[in-house]
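Please open the structure in your viewer and keep the selection tool at hand.

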Amino acid sequence: MMQAHECDVLVVGAGPSGASTALNLLNHTALSVVIIEQSDLQRLRVGESVSESIFSLLTYLNIPESEFGPNCFVSTQGNTAYWGSDKSANRHAIFAPDRATYQINRDMFDATLLEQVVRRGGSVFPRTKSKEVKKRQDGRYLVEANHPKFGKLSITCRYLVDASGRNSSLSKVLGASLSQYDRLTGVGAFFKARQQSFEQLQLIESDEFGWWYSAALSRDFIVVTYFADFERISKHKLNRFGDWRAYLGKSLYMSKRVEGATCVNDNVWVRPAGTHFNRFMDINNYLPVGDAACAFDPISSMGLGFAMTSGCQAASIIGNSLTSTDFERRRTIYQQDLEQQFAQYLTLKQQFYSKEQRWPNSPFWSRRQQQVENVA
Amino acid sequence: MNYSLHPSVGVARLGNSKGQFYLAPDQIGGLPFEADESGNKIDSPVSQFKDAEGRIRRQGQPFKIIDENNNELTLSSDNVKAITWTVHVANKKAAWYEFNELQGNLLFGEDNSYRKRGTPWRNKDADDRRQLIIDPGPRTISGANAQATFDEASAPDNYPVSFPPKPCQGTEVETLGNILTDSEGRLVVIGGYGNAGGNEPLESYGGADTWHDDIADGTVYCTVTFDDGKELKLSAWVIVGSPDFAPEIVNISNLSDTMFDVAIRSQNLCPEMYSNGEFQTSYQASYYRDIEPIIQRISRYQWVSNVQSMSAFVSNIFDFKDNSEDNKANREAYFNYFRKPVDPATVLQTPPSEQTNQQLFEHGIEGHIPLMPLNSGSNSVSNAEDNIVDKFLTLTQTQYFLLSQWAEGKFSNEKPVANTSAQDAFGIFYADQGSVGNCVGLPMCPGIEVTWSMQNPVVYAAPYVIKDQSMGNGFPSGLDPERDECEGGGCQPGDLTKRMACPWQADFFNCTIQNVNFTEPTVNKVNEGNEADPNMVPLAPTYYSYWWPPQSPWDVLTNQYDDQSVTHLPAGQQVNYARGINSFVQMVEHWSALGFIRNQNTQEPHFPFFTESERNHQLFAYKDVPVSDITGNPGDDGTDIPVFYIPDDVKTHLSAGCSKAKSLLKGLEEKMAKPITAKPAIKKVPRSGTRSRR
């Protein structure tokens with residue numbers, strides 16, 4: 001027999017954007033919230049660098065920093081970028097005229113957010129893949145999903161929040177219009193220190209076809225990623241460990257950083273990192289958040305913060321709407337806000353990439369240096 | 001000698017301990033007894049109601065064949081060749097009508113029948129209503145140390161067995177318990193494990209469609225074969241109830257009082273007390289038998305509820321047992337604070353404003369102290385337009401009559417002399433009173449173990465004896481899902497418990513407190529929502545009233561023994577009994593975490609000290625929440641609200657990220673295996689709106 005669930009808000013995706021949506025709803029409304037997540041929550045979360053503003057977001061979500069355990073946020077000691085020049089510069093000088101940055105342990109961070117969701121009365125269903133989304137006569141959604149152990153299950157909800165990430169499978173099913181701006185792809189691996197421990201810094205190094213990024217996760221581990229266009233990675237088989245490792249060897253500075261270190265499991269991971277924008281006004285009672293709404297280039301360091309703020313925003317739209325007209329009005333404003341933010345981001349992104357002028361004929365760089373019209 | 005089977009109505013109780021059980025108490029307010037694993041009684045009262053894993057032990061009900069002088073027939077009796085038992089329990093809840101308070105109670109006349117009221121069936125769309133019954137069929141065992149289980153696999157051939165399908169939420173009901181015989185061939189009936197499951201969200205105290213639980217009741221037959229080939233056939237009934245969480249605290253009107261009231265008024269038990277349709281004012285009551293138990297029960301309510309206005313009634317402000325004329329004014333003053341019971345047969349002809357059971361105070365809506373007993377009546381939930389309103393509790397008519405005789409001075413205050421008889425002066429076996437006396441007798445909404453059908457004389461064959469529709473022949477072709485035994489003809493297995501909440505946890509969680517309107521005799525609730533989305537709330541002004549605190553405690557004291565690093569409370573603090581169980585869902589999953597309220601000073605019966613014990617404190621987390629967190633005013637941070645809750649088991653303070661994620665997955669999927677979709681919180685408030693919790 002099929003499990004049947006009912007809730008006010010169904011959040012698809014259990015990353016920071018989905019969890020923030022759920023937490024803000026649970027904190028401020030009496031609505032019932034279910035999160036479905038297709039992964040088993042064990043997928044490797046690549047750590048990332050965040051600014052201090054993360055703490056005010058957590059305060060807003062009413063989660064004390066102590067809940068995340070002792071090593072979830074490690075302050076970064078240095079940022080070095082070989083970008084636009086083979087003389088190093090402090091990365092902040094180029095990209096983010098901001099304060100301190102922190103390296104965040106995403107496994108810990110994501111798990112803690114989910115734990116808080118559950119503790120505050122939300123439900124989380126891992127390993128649950130949505131199969132079909134139907135519109136019921138009463139205006140609610142009926143989402144049919146599969147779980148490897150429990151089989152088919154159905155969830156009826158009034159609001160659908162799409163936190164399904166860059167792949168945004170849900171928005172595709174529902175027919176949102178997604179504008180893809182580029183197909184930046186990251187390929188990375190973890191390295192373990194053998195004798196000497198790593199310096200606690202971030203390193204960025206650009207080359208003709210993309211750029212390298214590395215961050216220390218602890219004294220013993222770093223993550224190293226190469227970002228380039230998907231076509232380039234595919235053509236040069238950089239999604240294979242051997243080719244990727246050989247290519248890493250050709251880099252000037254990154255290769256030195258991993259000298260004497262061993263790759264953790266002779267395997268690389270591949271993640272989409274492109275920029276896209278979701279237009280969703282045609283889909284009723286639906287709100288995309290995080291990467292499903294707008295996906296940002298990782299150079300911007302905007303992903304996590306946006307995931308959480310957009311989640312909070314979506315929650316307050318749902319929580320504050322008294323009628324469906326009211327909801328639609330707030331939703332329209334949300335879409336417009338996103339458009340504005342996204343337009344600013346595009347300008348910023350263009351400025352970042354324009355600081356690299358060493359390869360004027362490189363399609364990777366020139367493509368990113370062109371002025372992008374507007375969002376629409 | 002004249003042998004019969006006792007108790008005439010036995011009471012087993014659920015528990016989730018896999019193997020452990022104890023034996024039912026034989027006194028009203030007595031502790032149950034230890035037993036070995038074969039069910040042989042050990043003559044020592046139970047000290048631990050839970051096993052080592054913190055799960056509640058089941059209560060087995062032993063049945064005995066005795067005569068008036070307590071001589072017992074067992075396999076070791078001289079001329080007994082064999083004793084054979086056949087027990088048939090069933091659960092008819094899912095097949096019966098929805099529980100809509102007093103709708104369907106035929107004592108109020110034919111106009112209140114389910115049909116006239118249009119009461120909906122539970123699971124009204126089911127094609128085959130008989131399939132809704134949990135019916136494992138009869139089981140027969142004989143000799144010593146035999147046993148049988150009420151599961152599907154061991155059902156007799158050719159019997160139309162039915163068990164519910166596997167539910168999406170909660171736990172499947174696969175058995176209604178088991179029976180065994182001890183080493184002398186006595187029967188012990190042990191109930192189910194407290195499993196409950198269904199598919200629909202739980203939304204009201206009556207439960208929800210698609211749900212089942214493993215409560216049950218049914219027939220107990222016994223055949224004694226003597227050496228000379230002669231046979232003696234006896235019968236009884238057994239009820240399986242939820243755990244008695246305060247076994248030494250007794251309801252002011254318990255089920256024995258209810259059965260006694262029926263026997264007095266309808267079964268001619270004592271013509272000197274009641275004949276020709278009326279109580280006889282010449283009757284001499286007995287202080288120790290009829291009056292003192294009422295006073296003692298009132299006194300013990302204080303340990304499980306806050307009913308301070310009842311305290312004078314237990315304080316010996318005058319000598320309660322003094323039957324002199326000088327003391328008459330005192331007794332009458334006392335008696336006059338008791339609400340007069342109404343007779344269901346005539347109450348509807350009484351103008352609502354004169355119905356004594358709707359009145360909180362001595363002058364109706366006005367007065368200086370609430371009338372006695374201060375407790376909800378059997379319907380403080382719905383309105384007179386389509387139901388019978390019964391706002392405040394009264395004693396049974398017989399209890400009230402005996403109290404009036406006491407007030408008049410028509411009572412003896414001689415202490416009863418101890419004797420070896422198995423029966424009291426009315427001919428009722430003590431064993432029969434000692435079992436049902438630990439069940440709720442009033443109010444009945446629906447109650448805890450059984451409900452208002454027990455007030456109807458037609459369900460009885462004799463005082464305290466349930467009328468068996470099959471006359472001892474059993475039900476070889478199965479049970480009837482729709483037949484109403486209150487129309488006459490006797491009962492089937494499942495009939496006594498079929499009106500109870502399904503699952504029982506719904507009622508237990510939701511119904512301890514009721515805010516009862518005390519100004520409008522025909523109205524309990526008003527709709528604060530709209531027609532499409534009703535939100536029925538108690539009509540103000542209301543009075544804070546309890547349902548059945550001795551069975552479902554509410555205000556209890558912490559004890560001096562528990563580790564305060566896990567209780568998070570000092571000893572001796574009055575706290576909410578169910579703290580930390582914050583939803584229907586949690587009650588279904590975690591009912592066995594609740595404590596037992598026990599008298600810690602049993603050596604000195606005049607000086608009881610009841611505290612909570614055996615609560616599974618480890619399950620619950622604790623937080624002091626500053627009021628400022630709720631109001632948003634930083635200035636409110638000087639006051640904290642203690643909050644108990646069940647944390648997810650992932651919060652086992654695992655340090656590494658990945659192991660945290662692993663345990664998170666495990667915990668989440670364990671929950672997913674038993675998800676229960678609670679109704680969205682902004683929807684309807686549960687009908688009885690009880691706890692100030694929403």
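Which residues does Val189(B) touch, not counting residues up to four places away in sequence? Select Val189(B) and display its surroundings: the residues it touches are Gly10(B), Ala12(B), Gly60(B), Gln61(B), Val87(B), Ile179(B), Val220(B) and Val238(B). Please note from the outset that this is a predicted model.

Now colour the model by chain and by secondary structure. Chain B contains 12 helices and 37 strands, and 51% of its 694 residues count as buried. In chain B, 71% of the contacts with a separation of 6 or more are between residues 24 or more positions apart.

Chain A contains 11 helices and 21 strands. Of its 376 residues, buried residues make up 46%. Among the contacts in chain A between residues at least 6 apart in sequence, 71% join residues at least 24 apart.

**A helix of chain A**

Select residues 106–119 of chain A, which form helix H4. How far apart are the end C-alpha atoms of this helix? They are 20 Å apart, and this agrees with the span of 20 Å that 14 residues should give at 1.5 Å a residue. H4(A) is mostly covered, since 13 of its 14 residues are buried. Then select Gly121(A), which follows H4(A) and has a positive phi, near 100 degrees.

**Two pairs of helices**

Two packed helices are described by the angle between their axes and the distance between the axes. Stay in chain A and select helix H9 (residues 303–320) and helix H10 (residues 324–354). Their axes come within 9 Å and cross at roughly 160 degrees. Angles over 145 degrees count as roughly antiparallel, and H9(A) and H10(A) are therefore roughly antiparallel to each other. The crossing of H9(A) past H10(A) is right-handed. To view the contact, show the side chains of Gln313(A), Ile317(A) and Asn320(A) from H9(A), and those of Phe327(A), Arg330(A), Arg331(A) and Tyr334(A) from H10(A).

Move to chain B and select helix H3 (residues 287–301) and helix H6 (residues 397–408). Here the axes come within 10 Å and cross at roughly 105 degrees. H3(B) and H6(B) are therefore roughly perpendicular to each other. In this pair, Tyr287(B), Asp290(B), Ile291(B) and Ile294(B) of H3(B) meet Gln399(B), Leu402(B), Leu403(B) and Trp406(B) of H6(B).

**Backbone details in the loops of chain B**

Most residues other than glycine have a negative phi, and most peptide bonds are trans. The next selections depart from this pattern.

- Select Leu442(B) and Pro443(B): a cis peptide bond joins them, with omega about -10 degrees. Pro443(B) is in the loop between helix H7 (430–436) and strand S26 (460–462) of chain B.
- Select Ala540(B) and Pro541(B): a cis peptide bond joins this pair too, with omega about 0 degrees. Pro541(B) is in the loop between strand S30 (536–538) and strand S31 (542–546) of chain B.
- Select Asn158(B): although it is not a glycine, its phi is positive, about 70 degrees. Asn158(B) is in the loop between strand S10 (147–151) and strand S11 (169–170) of chain B.
- Select Glu614(B): its phi is positive, near 60 degrees, and it is a residue other than glycine. Glu614(B) lies in the loop between strand S35 (610–613) and strand S36 (621–626) of chain B.

Is Asn158(B) buried or exposed? Asn158(B) is exposed, because 9 other C-beta atoms lie within 10 Å. Glu614(B), by contrast, counts as buried because it has 20 C-beta neighbours inside 10 Å.

**A last stop on a strand**

Finally, select Val526(B), in strand S29 (residues 525–527) of chain B. Val526(B) counts as partly exposed because it has 14 C-beta neighbours inside 10 Å. From C-alpha to C-alpha, Val526(B) and Pro538(B) are 6.3 Å apart in space, and they are 12 residues apart in sequence. Leaving out residues up to four places away in sequence, Val526(B) touches Val537(B) and Leu539(B).

Methods:
Residues numbered from 1 in each chain as written. Chains lettered and ligands numbered in written order. Predicted model: local features only at pLDDT ≥ 70, side-chain atom pairs only at ≥ 80, totals over all residues. Helix = DSSP H or I, 4+ residues; strand = E, 2+ residues; numbered from the N terminus. Buried ≥ 20, exposed ≤ 12 C-beta atoms within 10 Å, placed from the backbone. Contact = placed C-beta atoms within 7 Å. Expected span 1.5 Å × (residues − 1). Axes fitted to C-alpha atoms, helices over the stretch in contact; angles between N-to-C directions. Parallel < 35°, antiparallel > 145°, perpendicular 65-115°, else oblique. Left-handed = near helix turned anticlockwise from the far one by under 90°.
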